[in-house]
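Visitor: Hi, could you walk me through this structure? I'm new to it.
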Amino acid sequence: MSKKWSTLAIAVGALAMSSATFAAPSPEMLANACAGCHGTNGGSAGDTMPSLANQSEAAFVDAMMKFKSGERSSTIMGRLAKGYSDEDIKAMAGFFNKQKLHVTNQMVDKKKVALGAKLQEKNCSRCHLEEGKEGKDDTPVMASQWLPYLQMQMELYASGTRKMPDKMAEKVKGLSKDELDALIHFYASKK
Amino acid sequence: MTLDRRSFLKLLAAGAGAAGLPMIGRAAEIMPKKGRRVIVIGGGYGGSIAAKYIRMLDKTIEVVLIEKNKQYVSCPFSNHLLAGYIKDLSSLTIGYDKLAKNHGITMVYDEVTAIDPAAKTVTTKGGSIAYDKLVVSPGVDFRTEEIEGYDDKTPDIMPHAWKAGPQTILLRKQLEAMKDGGTVILTAPLAPFRCPPGPYERVAMVADYLKNNKPKSKVILLDANPDIVSKPTLFRKGWEMYPGLIEYRKAAKVTAVNNQAMSVMVEGIDEVKGDVINVVPAQRATALMAGAGLIGEDKKWCPVNATTFESTLHKDVYVVGDSSSAGAMPKSGYSANSEAKVCATNIVAAMNGKEPIEMSGINTCYSFLSHDEAISVAGVYTVKEGKIVGVPNSGGISKLDYSDAKVEAKYANSWLKNILTEMST
């Protein structure tokens, strides 16, 4: 941070501004810039774009750090993540975590939701807490995410483009494609 | 001399009045100011967001959003109409009712005729309104006087379609009416202009229409710039899916138009005829900005403080979006959105006696090459030595092998959905 401040001091001097200092970017300043793609306060209206509202801080930081390093493949997210310091990312994580869960009203298959509920309880509930409404460590909140977004992520897992956490891989190994689809419908339906 | 030029000069003269000369016949004040008030002019990608975020950050500040039209049509994605991916502009059209209601923004549907930075008033056709702080996000005007033969009939004959709405529909209708075997001429002005990838996306959209409907035809892009301004490698590769349909001519500035002969003159010597001609003139900040004395020494754009977007020429007036000189940030919809939030944050800070907050901005632009393939450019911005710069080692363009084009098209559709929802709710 100290390096940033000295640069700023020069900038202020060059502009001969009356105010002596700038405050470092606030969490709002950082996070609001994301909203053009992820929705106001992180509530996404676009069905291929994840909501960030109410996301667990650890999961947000984990995802951003992996985008930044390239460990998690992406289209534009990695390019953008590289523009932020670790402190910036933590500040954004805090901002989005404080936002209310963005509830989506999607067309979900009731039978799939029912099957998904059973599968979640048996296989996923130790990490995806409270029916996916809460994260645990770096496990993300899943509730109310858009179906097309979740489907795209499952395809990335299936193709190996996105690496599945070991614990998740162990559970997913025993599940059929239809069962995974049911799980997605279950999470998407949660409000 | 064109009408545009005359009205531009007239407003310049009016600006001299605003800057200090005594005002004669001041417009009657409407909506007397009670508490702290910010006026926002322009309800596009920048203005709607500035109005919303000021209210989100401080409900005690009154926000008045002045916009000429009851509905706004997005320029991003309007090229889709030319290709036929959308049948009308309804998916790109938003209103302000929900935005106003959700955030307690006072809407004034009127045309602003003058800004008086000294008296801190905005004059509309309906009267004058006082402000404590003013945000202006007016878009661009065309420098039509730089094209010989360009008159007030030219846009009806050779639509620019660079402001979405009737112009976009007109260009689409002209494409539909054209015979197979015809020539479509598109033009790109010298940078900087609104939407740097726009002309190159438009070529692909028109080519896709021709491929499916009029395969004996071709589209020529006359580009005033020495090369493709945005994502050149990616666009060149993308155009390969339309073999024989696209002709790209660089350093081909349109210097004259002939409405009757349906031709344009390139660099003053080379006449090019077309069956459909899309002339996009070079651009500058609007006449309103000139009139208010907000345009800088380049006579084109409005210089602003890089951290707050406050004009460096007039205190308490802030300029965001295409009209501002925003350093490395391109003149794009997403930039306007991001700039408006930076500006809103710093206006609220200033009005509450707090120090300015260091800016952090983003731009993301998607360009389509076909109905389900898109490419992107993205960047994160900060301020260094008083200028907006890209954060080193961040940002950039899509993979050159095109392997992400289909998934990027999916993300692009959500980009539109989210950014228009931001603006309208």
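Predicted model: local features only at pLDDT ≥ 70, side-chain atom pairs only at ≥ 80, totals over all residues.

Visitor: How many helices and strands does chain B have?
Guide: Eleven helices and 25 strands; helices (H or I, at least four residues) and strands (E, at least two) are DSSP runs, numbered from the N terminus.

Visitor: And which domains is chain B divided into?
Guide: Domain 1 covers 3-68 + 110-140 + 285-356, and domain 2 is 149-281, with bounds from an automatic or database domain assignment. Their centres, taken over C-alpha atoms, are 33 Å apart.

Visitor: How many residues of those two domains are in contact?
Guide: Six residues of domain 1 of chain B are in contact with six of domain 2, meaning their C-beta atoms, placed from the backbone, lie within 7 Å.

Visitor: Switching topic: how many residues of chain B are in contact with chain A?
Guide: 42 residues of chain B, which meet 38 residues of chain A. On the chain B side, the elements giving two or more residues are helix H10 (333-351), strand E22 (361-370), strand E23 (373-384) and helix H11 (405-424).

Visitor: Which one gives the largest share?
Guide: H11(B), with twelve residues.

Visitor: What does chain B span along its principal axes?
Guide: The C-alpha trace spans about 65 × 45 × 40 Å.

How values were computed. Residues numbered from 1 in each chain as written. Chains lettered and ligands numbered in written order.
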